[in-house]
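Subject: Structure handover

Hello,

Please find the structure below, with the sequence. My notes on what was found in it follow.

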Amino acid sequence: IILLSLSGLVFTSALMTEWGLYPFGQPFEKTALSLKRIARSSITTLEDRGAFAALGHMFSGIEEIADNKNKTIVGVQHIIAAQFTDMSSVFNTYTETVAAPGHIADLDKENLLIISAGGGVFKLPKVSRKLIPLVSNLKKRVNDQEPHLVNPYSGDDISERLTVRDVAYNKNSKTIYVSYFKYNKNHDCFAVAIDKAEFNVNSKSELDFVDFFTPNFCRKSNAAGGRIDFFGNDVIFTIGAYDSDFESDSKNWNLHIGAVLKISPEGKAKVLAKGLRNSLGLVVALDEIFISENGPMGGDLFTIVKDGDHFGAPTHSYGFAYTKKDIYKRPMSPDFSEPSYYFTPAFGTSQLMFYNKSYFSRFEGKFLLTSMKTGSLYAIDYDIKTNRVKSYETFKVGERIRDAVVGEEGFIWL
């Protein structure tokens with residue numbers, strides 16, 4: 001039965017391919033390769049699980065051919081030559097918008113914490129999918145800053161970009177940390193600072209955010225990093241270069257600019273790494289610190305960070321200037337630290353995660369990097385022993401991804 005079905009399928013598909021009929025509207029050589037794989041896997045299924053399972057397996061392969069058309073050669077659950085895996089039909093959308101761009105943190109197996117761009121605070125139960133507004137003073141602290149930010153090159157008012165940059169929840173101390181642009185009246189400029197508030201998931205009390213950390217440098221720019229994670233009791237924090245092209249800023253290890261910081265529970269900061277432009281991804285995993293870094297035009301980075309690293313900005317980069325001129329020096333070594341991996345062309349890296357759950361076995365033990373430009377999730381297979389990226393896969397989401405988190409239950413929230 002299986003052999004007759006396959007023979008009929010090959011004959012029928014040849015005619016349908018010739019006539020360009022659905023689902024085989026692609027060159028026959030691609031269809032033939034797909035059918036070969038379907039036949040081989042169907043026969044294996046027949047031997048292992050019987051005729052009905054084999055027939056089901058065969059027809060699922062036909063559906064894959066129909067879905068992928070000219071993009072790829074397929075063979076029952078295996079995309080052979082695709083440049084990316086389309087995930088848009090897999091994701092469930094819980095809510096349309098919360099004054100984007102918002103940021104997200106995992107509270108526990110049942111709840112997420114969402115902070116809107118303007119400082120609105122919400123709890124999102126993972127089952128009911130209904131946003132619960134939380135009373136706090138954060139919105140007032142974020143918005144009650146009258147000075148405007150003007151792009152020095154275009155003259156445009158870009159004050160709407162002076163928003164929340166990240167949120168993280170320390171489950172041990174039950175404390176929320178939020179980074180956002182804070183105005184410095186003394187120097188008439190902005191810096192990404194951190195506020196904190198104690199929070200119990202089941203509490204209905206007002207969240208009282210207070211100052212936690214303010215950098216010792218500010219500027220009128222929005223390229224400021226602002227990611228938060230935890231290493232033991234310390235807060236790890238990325239700060240961008242605020243579009244600074246001054247080598248003196250980059251070389252000054254006492255200055256909180258273009259850097260990765262380690263901040264004590266008391267708010268005292270130590271500079272761990274320098275020479276960064278705008279690190280929008282950060283995760284502590286495998287007892288190490290990892291970041292994603294936005295290069296200029298190209299040269300986005302995924303890299304481990306060690307105490308004393310300098311990644312070369314503003315003089316060194318694996319990218320190009322926005323004028324498309326090749327003005328940067330390379331390689332980084334021996335004067336600066338080589339990244340674990342760089343992407344050229346760049347795809348607008350944003351948040352970085354490490355997947356240590358079992359729900360998605362394909363992602364287990366891999367880093368997950370999100371993109372604002374391509375709207376994709378990249379699964380990075382990284383070998384920490386050799387500090388080498390072995391490969392990465394692209395999973396197309398189809399939305400601009402600014403923040404993401406791995407939940408306790410193993411789900412990925414974007």
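Lys306 is partly exposed, at 37% relative accessibility. Its side chain meets that of Glu288 in a salt bridge, with 2.8 Å from N to O. Lys306 sits in the loop between S16 and strand S17 (309-310), while Glu288 belongs to strand S15 (residues 288-293), so the pair ties together parts that are 18 residues apart in sequence. Please keep in mind that this is a predicted model.

The whole structure holds 18 salt bridges. As a general point, side chains of opposite charge can pair when their charged atoms come close. Two further pairs are described here.

Asp195 and Arg141 form a salt bridge in which the closest N and O atoms are 2.6 Å apart. Asp195 is in strand S8 and Arg141 in helix H4 (residues 138-143), so this pair ties together parts that are 54 residues apart in sequence. Asp195 counts as buried, at 0% relative accessibility, whereas Arg141 is partly exposed, with a relative accessible area of 26%.

Asp106 and Lys171 meet through their side chains in a salt bridge of 3.0 Å, N to O. This pair links distant parts of the chain, 65 residues apart: Asp106 is in strand S2, and Lys171 is in the loop between strand S6 (164-170) and S7. Asp106 is buried, with a relative accessible area of 5%, and Lys171 is partly exposed, with a relative accessible area of 34%. Both residues also belong to a network of salt bridges that links Asp106, Lys126, Lys171, Glu408 and Glu409.

S2 pairs with strand S3 (residues 111-115) in the antiparallel sense, over four bridges. Ile104 has Ile114 in S3 as its bridge partner. The two strands, S2 and S3, form a hairpin with four residues between them.

**Nonpolar cores**

Which residues touch the most other members of the largest nonpolar core? They are Ile194 and Phe237, in a core of 27 residues. At least two residues of this core come from each of strand S7 (175-184), strand S8 (189-198), strand S9 (210-213), strand S10 (225-231), strand S11 (234-239) and strand S12 (259-263). S8 gives the largest share, five residues.

Setting aside residues up to four places away in sequence, Ile194 touches Tyr177, Val178, Ser179, Val210, Asp211, Phe212, Phe213, Ile228, Val235, Phe237 and Ile263.

**An open sheet of four strands**

Four strands, in the order S14-S15-S16-S18, form an open sheet with antiparallel pairing. Its edge strands are strand S14 (281-285) and strand S18 (341-343), each of which pairs on one side only. From one strand to the next, the twist averages 15°. Strand S16 (residues 300-305) pairs with S18 in the antiparallel sense over three bridges. Here Phe302 has Tyr341 in S18 as its bridge partner.

**Gln351**

Gln351 is in strand S19 (residues 349-355). Is Gln351 buried or exposed? Gln351 is buried, because its relative accessible area is 7% and the cut-off for buried is under 20%. The side chain of Gln351 reaches the backbone nitrogen of Leu282 at 3.1 Å. Apart from neighbours within four places in sequence, Gln351 is in contact with several residues, including Arg227, Leu280, Leu282, Leu368, Thr370, Arg402 and Asp403.

Strand S21 (residues 376-383) is largely enclosed by the rest of the structure, because six of its eight residues are buried. Strand S20 (residues 366-371) pairs with S21 in the antiparallel sense over four bridges, and Leu369 has Tyr378 in S21 as its bridge partner. S20 and S21 form a hairpin with four residues between them, and Gly375 in the turn has a positive phi of about 65°.

S21 is also joined to strand S22 (residues 388-396) by eight bridges, and the two run antiparallel. Ser376 is opposite Lys396 in S22. The hairpin of S21 and S22 has four residues between the strands, and Asn387 in the turn has a positive phi of about 50°.

Regards

Methods. Residues numbered from 1 in each chain as written. Predicted model: local features only at pLDDT ≥ 70, side-chain atom pairs only at ≥ 80, totals over all residues. Heavy atoms only, no water. Core = buried A, V, L, I, M, F, W, Y, C linked by side-chain atoms within 4.5 Å. Buried < 20%, exposed > 50% of the residue type's maximum accessible area, 1.4 Å probe, protein only. Contact = heavy atoms within 4.5 Å. Pairing = 2+ DSSP bridges. Axes fitted to C-alpha atoms, helices over the stretch in contact; angles between N-to-C directions. Salt bridge = Lys/Arg side-chain N within 4 Å of Asp/Glu carboxyl O. Polar contact = N/O pair within 3.5 Å; in protein donor to acceptor, adjacent residues only side chain to side chain.
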